[in-house]
Amino acid sequence: WLFEAEATNEALYSNQIDDAYWGKLDIAITANASVAPDGTTTAESAVLSGTSTTPRTISRNAGVSVSNATITFSCFVKYVDKQFIQLVFSSAFSSEYANFDLQNGTVTSGTYAAATIENNGNGWYRISVTTTGLNTTCIPFIWAIDAGNAARAADSTSNGTQSYLLWNIQIEAGST
């Protein structure tokens, strides 16, 4: 049995990253491209577009309002051929980030005190960051990066076909 505190996901369309609700910069999303951790074919493929060096992100451009609370931003990801992902929950008051290695299942660097990666089997990891005390509108970013030690909001290279799988973005009050 798993008992967790009840929380409300503030990220709408959390399993429909292809929806216009989510901003995409040099990333193309293919809906229902693979089997998700729950066994349904609802995981999305995130393919890095183009061949230049540029930011490659998925974000909620309008942001999420945060009122002096503990907030956790998480999603499920799976390595295809893009090894490193960064989570950023950005605001004018925060420069925190965390880098994750999808091949080796590790948090590689960053400034979040609470950054985790959990193995969910079949190559799927749940990555998350938790922050507290913000009283502003924050923008959640999923950032493709080239190295485990990449700086916050680093550019990424692509051959035009590199990708990773993504499922179930969550933004919730609390630490779970």
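Colleague: Why is N168 called buried?

Modeller: This is a predicted model, and N168 has a computed relative accessible area of 14%. Buried means under 20%, so N168 is called buried.

Colleague: What is the phi of N168, and where does N168 lie?

Modeller: Its phi is positive, about 60°, although N168 is not a glycine. N168 lies in strand 11, residues 163-173. Most residues other than glycine have a negative phi.

Colleague: Why is D26 called partly exposed?

Modeller: D26 has a relative accessible area of 31%. D26 is placed in the loop between strand 1 (23-25) and strand 2 (27-34). The phi of D26 is also positive, near 55°, in a residue other than glycine.

Colleague: How many aromatic pairs does a search of the whole structure find, and what makes the pair of F141 and W143 tilted?

Modeller: The search finds four aromatic pairs. The ring centres of F141 and W143 are 5.2 Å apart, and rings pair if their centres lie within 6.5 Å. Their planes stand at 55°; stacked requires under 30 degrees and edge-to-face over 60, so this pair is tilted. Both F141 and W143 are buried.

Colleague: Which residue lies over the face of Y21, and which residues form one aromatic cluster with Y21?

Modeller: R60 lies over the face of Y21, at 3.8 Å from the ring centre. The cut-off for that distance is within 6 Å. Y21 forms one aromatic cluster with Y13 and W22.

Key
Residues are numbered from 1 along each chain as its sequence is written. This is a predicted model: local features need pLDDT of at least 70, side-chain atom pairs count only at pLDDT 80 or more; totals for chains, interfaces and linings use all residues. Side-chain values use heavy atoms; hydrogens and water are left out. Rings of Phe, Tyr and Trp (its six-membered ring) pair if their centres lie within 6.5 Å; planes under 30 degrees apart count as stacked, over 60 as edge-to-face and the rest as tilted. Buried means under 20% relative accessible area, exposed over 50%, partly exposed in between (1.4 Å probe, protein chains only). A charge sits over a ring if NZ of Lys or CZ of Arg is within 6 Å of the ring centre and within 35 degrees of the ring normal. Helices (H or I, at least four residues) and strands (E, at least two) are DSSP runs, numbered from the N terminus.
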